[in-house]
Amino acid sequence: MQLDNLNIDANHLPVLETFYSLQGEGLHTGLASFFVRLGGCDLSCWFCDSKESWNPYINKLTTPSELLVEAQKYNSKHIVLTGGEPILYPLDQLINLFHENGYSIHIETAATAPFVKDLDWICVSPKNHSNIHNEWFKHANELKVIITDIEDFVFAEDCSKLVSQGCYLFLQPEWSRSKGLLPHIINYIFKNPKWRLSIQTHKYLNLR
Ligand code: SF4
């Protein structure tokens, strides 16, 4: 992605939106969290459910301090950085500021840019057409593979070989195909119980 004409630095991040909701996916499903969606992504997955985030140029450049003020309107001390692809930007100031204020910082990433230190929970959701930075796998707390087709189980197994012991492994059906895919995924998990099922509970509940 070409970001040359964007005046982004650690103190000016392209934020598409913030919102307070329940984490809908993965191990922290149900956890009240403040979400920060950063604009811009270097992939273009056909199944992306946040295509409005792809163009970083439409976003307001926002300071970590402004984000903290917004987050402090809510009771949770959990912040989720998502996108788009949040690791395209320098996150150090944001991470330091939120840590100083007692927050736990979770991130959702496709791991297409260099590793970012000092995050509290790393969810790596690799896409099989992407240029993956393997250091993310080593540090991942959870691996979440989106299953769009039963052939994606092979990619999921390949990814599971790259994570550390103790990393939680999730298979998540692509939303528009979930009805057809769920029986296959459940059957796969029965046979391969290292995997867990992740469904997008926020969508079933009509939450953000
Ligand atoms: S990596 Fe995520 S945000 Fe980027 S296009 Fe794919 S699904 Fe969308």
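Reply: Angles under 35 degrees count as roughly parallel, over 145 as roughly antiparallel, 65 to 115 as roughly perpendicular and the rest as oblique. Axes are lines fitted to C-alpha atoms, for helices over the stretch in contact, and angles run from 0 to 180 degrees between N-to-C directions. Helices (H or I, at least four residues) and strands (E, at least two) are DSSP runs, numbered from the N terminus. The model is predicted: local features need pLDDT of at least 70, side-chain atom pairs count only at pLDDT 80 or more, and totals for chains, interfaces and linings use all residues. Residues are numbered from 1 along each chain as its sequence is written.

Me: At what angle do helix α1 and helix α2 pack, and how far apart are their axes?

Reply: Two packed helices are described by the angle between their axes and the distance between the axes. Here α1 (residues 64–71) and α2 (residues 92–100) pack at about 40°, with axes 9 Å apart; the two helices are therefore oblique to each other.

Me: Which residues make the contact?

Reply: Two residues are in contact if their C-beta atoms, placed from the backbone, lie within 7 Å. From α1 come P64, S65, L67 and L68, and from α2 come Q93, L94, L97 and F98.

Me: In what order do the strands of the sheet stand?

Reply: Two strands pair if DSSP finds at least two bridges between them. Nine strands form an open sheet with mixed pairing, in the order β3-β1-β2-β4-β5-β6-β7-β8-β9. The edge strands β3 (60–62) and β9 (195–197) each have a single partner strand, so one side of each lacks a neighbour in the sheet.

Me: How many bridges join β7 to β8?

Reply: Six bridges join β7 (residues 142–147) to β8 (residues 168–173), and these strands run parallel.
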